Amino acid sequence: MVSSVPRLVIAAPSSGSGKTTVATGLMAALSARGFAVSPHKVGPDYIDPGYHSLATGRVGRNLDAYLCGPELVAPLFAHGADGCDIAVVEGVMGLYDGAAGEGELASTAQVAKLLRAPVVLVVDASSQSRSVAALVHGFVSWDPEVRVGGVILNKVASDRHEGLLREALESVGVPVLGVLRRAAQVETPSRHLGLVPVAERGSVAVEAVSAMAAQVAAGCDLSALVALARSAGALPCAAWDAGEALVSSPPPPLPVPSPGALPPNPLSALDGPRPQTPDGLDGAGRAVRVAVAGGSAFTFSYAEHAELLTAAGAEVVGFDPLRDEELPEGTAGLVIGGGFPEVYASELSANESLRKAVAELALSGAPVAAECAGLLYLSRELDGLPMCGVLDASARMSERLTLGYRDAVAVSDSALAGAGTRMRGHEFHRTVVEPGAGDTPAWGMRTPERRVEGFVQRGVHASYLHTHWASEPGVARRFVERCRTS
């Protein structure tokens, strides 16, 4: 199968150059002109895809070569872009920045090469003139396999400044596809973990995206950008499919450890090949209802998770812990992803009815998968305010930011993963949970101290680690099967 969807990668020399403004504005401007735009984001970021969705009316999807492996980048892209007229991919950090110590892995440059997509470089020109030529020349020539097809100059001060920049860039041979002036109305507010999610901003976010679209439409050559996107080569790959992913990753014939059992040396699995998750679902039988937390406090999720749960036989139903006083009727399993519960701690705590319902479900042994924000919500308290009390742990805000990719192994058998299951994940939080691990931890990390982290008890799997289930579809199959049998 070959994907021929026109596509562009929006990159920059560094963070803060204006990638999100340009990418989101371009998505919205093209959508306003009748294009069906497929939005994508390089890396594990959950927040930018929310703005992308607002701009296009389609689900924003992540392309992360570390979490999912380089081999899944093109199939996941083709899955998201199916039926679209054009795709816009927003990069991460600087063009050539990737996972620490891993070369180009997970960089925007690597993703652009895997997608055979031309790159548009967004340059913050606010403090330079002729030097912009040296900067762009360096990025163009650094890796010959990366095709930089144009430049968009951001934060240009005046007509005279623009003239100096254009004159300097003539010698580089890379066309200027847009010039954007400073514009306060397109700025999006941020806090301790980056931009404020769309779900928390309401109409203000809509106005910001509209302003981005107007600025890009006025300052960029949209026809030239579309032509560049159409110059992308054919992408020979089959689109990722949740059902096929489950079928193609059958569980090996291995015995399932008893609940809570640890292998003799669980962290040693980090040094060997990646086993697949034991246990599974053959697709037969009735659907079970899996409730997935959403709303302003729990905005972090990958679309593929719900798709995998559905393909494994679940009926996925959303609920908002800030507003709903009960879990959806018939809930057999619960997924609580990431977000900002610390911002809404008082409201979450005040919803005592739902907290009790979550605690009762967990006590019954039903499967509960909680990541980061979900871990905080299941704790005894958050910044001194009562939470669900499922875990005998206390959570609080911290001055220290914990950030980075992680190579992990499941050290305990759980409803989500069998002991020995290898997965890659990402940590991104400014909170602390004490203790950091229960008597039966969730993950062992490949860090200098080989630390363990998280909690496994009854059907609960709670951890700071964000994972992308497309890399290990068996976790969705296992989770749904446990929902059937718990």
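Here is a quick tour of some salt bridges and one glutamine in this predicted model.

Start with the charged pairs: there are 22 salt bridges in the structure. Three of them are set out below.

| Pair | Closest N to O distance |
|---|---|
| Asp159 and Arg181 | 2.8 Å |
| Arg380 and Asp392 | 2.5 Å |

Take Asp159 and Arg181, joined by a salt bridge. This one links distant parts of the chain, 22 residues apart: Asp159 belongs to helix H6 (residues 159-169) and Arg181 to strand S8 (residues 176-181). Asp159 is exposed at 60% relative accessible area, while Arg181 is partly exposed at 31%.

Next come Arg380 and Asp392, also a salt bridge. Arg380 sits in the loop between helix H13 and strand S16, and Asp392 in the loop between strands S17 and S18, so the pair ties together parts twelve residues apart in sequence. Here Arg380 is partly exposed, at 38%, and Asp392 is exposed, at 61%.

Elsewhere, shared partners join Glu104, Lys113, Asp143 and Glu145 into one salt-bridge network.

Glu104 also turns up around Gln110: beyond its neighbours within four places in sequence, Gln110 contacts Ala65, Pro70, Glu104 and Leu105. Gln110 lies in helix H4 (residues 108-115) and is buried, at 9%. A polar atom of the Gln110 side chain is 2.7 Å from the backbone nitrogen of Ala106.

Terms used: Residues are numbered from 1 along each chain as its sequence is written. This is a predicted model: local features need pLDDT of at least 70, side-chain atom pairs count only at pLDDT 80 or more; totals for chains, interfaces and linings use all residues. Side-chain values use heavy atoms; hydrogens and water are left out. Helices (H or I, at least four residues) and strands (E, at least two) are DSSP runs, numbered from the N terminus. Buried means under 20% relative accessible area, exposed over 50%, partly exposed in between (1.4 Å probe, protein chains only). A polar contact is a pair of N or O atoms within 3.5 Å; within protein, one must be able to donate a hydrogen and the other to accept it, and residues adjacent in sequence count only if both atoms are side-chain atoms. Contact means heavy atoms within 4.5 Å. A salt bridge is a side-chain nitrogen of Lys or Arg within 4 Å of a carboxyl oxygen of Asp or Glu.
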